[in-house]
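Have the structure open and follow along.

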Amino acid sequence: MTSVKQCEIEECKRRAGALCHHCNKDVCKIHFNEHANSLSDELHPLTDQINELATKLSGLSSSHVAGQSYTLLDEWRNSSYELIEQLYQIKKHEIDVLVKDNFIEIKNEKLEMVRSLEEKIKKCIRDEDVTHDVIAEIKETIRNLDKQITELKQNFIHVQTSPFHTDENCSPYQTRSKSHPKLTITFPDSSDDDEMSIDKRKRWSFSFSEKSDISNYRRRYPDAEDDKRLNDNYRFYTNQIRSYPDGDYIDKIHDAWYGQFEALERHHGYIQWLFPIQEQSLNWSAQPLQKHEIELILNDKMAHKRLLLSYKLMLNFYGFELVNEETGEIKRNEDY
């Protein structure tokens, strides 16, 4: 005999007549109808909500959507302008400081060299004591001074600019994105950490990587031109000319200056001759290293040996000594 199910609604004694999918219970006909009516009642507020959505959508215009984007874009533009102005003022100040601290000193140094040369010529004329070698040395000094003065006039300050670059792959016009579109601004030679981003929440992270001296040095100055006429560094390392100003021949520097810490500390002009680089240094008497000179020095056994001696001289000045010439291992010296 089949048992009769009772309505599962509490306190109801009627027989169950159907399974209510609303509450997943066996209920009687009366409660089934009540549940069906309650479902219908839930539809009315949903209809109202749909009408509200339709009203919102009708009031949403393309100009409103574009206006919001324009606002964010304008904020990014204005902030970028401010950033560029800040960088401009910083660099302008650096130029002012460089001119104030170095130009007059270098100019006076050149004037002193000119006066010294003038006195030397007068003495030769007065004493009637001149040789072919002296004339050749004076002519070489005049050529060097003329070249240095030209460099001082034209290239005292080297300004290297790079285009302000924006990442076109990160478009601010994305749609259907789960996250807010983001404008990304990067600078040449920048890594992922050197990214400047502006998003809707205005979270700013600035880090600037310009084409700096260090970056060029590490990349071996890819844009540097090679002037075959310039050979001062090679001639210096082959003991043919002195370093300027107040310098000497490379062999004499190695012999007489080693361990002379006070002299090395006081006189800074020698460092650009001992370790030349492919850009103009603050010592305008030192010629920028040319690419062909690098090969000449490396392929000249004596010049290469002198370069190593220069390295040892400076290691000693800093309190170190070279342990292994093959591996480059160094250690603190005994006087450290």
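**Starting from helix α10**

Look along α10 and you'll find these residues buried: A303, R306, S310, L313, M314, L315, N316 and F317. Keep in mind that you're looking at a predicted model. An α-helix makes a turn every 3.6 residues, so residues three or four places apart point the same way. Part of the buried list is spaced like that, with A303, R306, S310 and L313 among its members.

As for its dimensions, α10 has 17 residues and reaches 25 Å from its first C-alpha to its last, close to the 24 Å expected at 1.5 Å a residue. Check both ends while you're here. Just past the helix, G319 takes a positive phi of about 90°.

The largest nonpolar core is made of 16 residues, and F236, Y237, L274 and L313 are the ones with the most contacts inside it. Four helices each supply at least two residues of this core: α5 (232-237), α6 (250-256), α8 (271-274) and α10 (301-317). Of these, α10 gives the largest share, with 4 residues. Zoom in on L313 and, setting aside its neighbours within four places in sequence, you'll see contacts with I253, H254, W257, Y258, L264 and L274. There is also another core, apart from this one, with 5 residues that include C7, C12, C20 and C28.

Beyond its neighbours within four places in sequence, D232 is in contact with N144, K147, I241, W273, Q287 and E293. With K147 there is a polar contact between the two side chains, at 3.2 Å. N144 sits 88 residues away from D232 in sequence, yet the two C-alphas are 9.5 Å apart in space.

N333 lies in the segment after β7 (330-332), and N333 counts as buried because its relative accessibility is 10%. Which residues does N333 touch, leaving aside its neighbours within four places in sequence? They are N316, G319, F320 and E321.

Notes:
Residues numbered from 1 in each chain as written. Predicted model: local features only at pLDDT ≥ 70, side-chain atom pairs only at ≥ 80, totals over all residues. Heavy atoms only, no water. Core = buried A, V, L, I, M, F, W, Y, C linked by side-chain atoms within 4.5 Å. Buried < 20%, exposed > 50% of the residue type's maximum accessible area, 1.4 Å probe, protein only. Contact = heavy atoms within 4.5 Å. Expected span 1.5 Å × (residues − 1). Polar contact = N/O pair within 3.5 Å; in protein donor to acceptor, adjacent residues only side chain to side chain.
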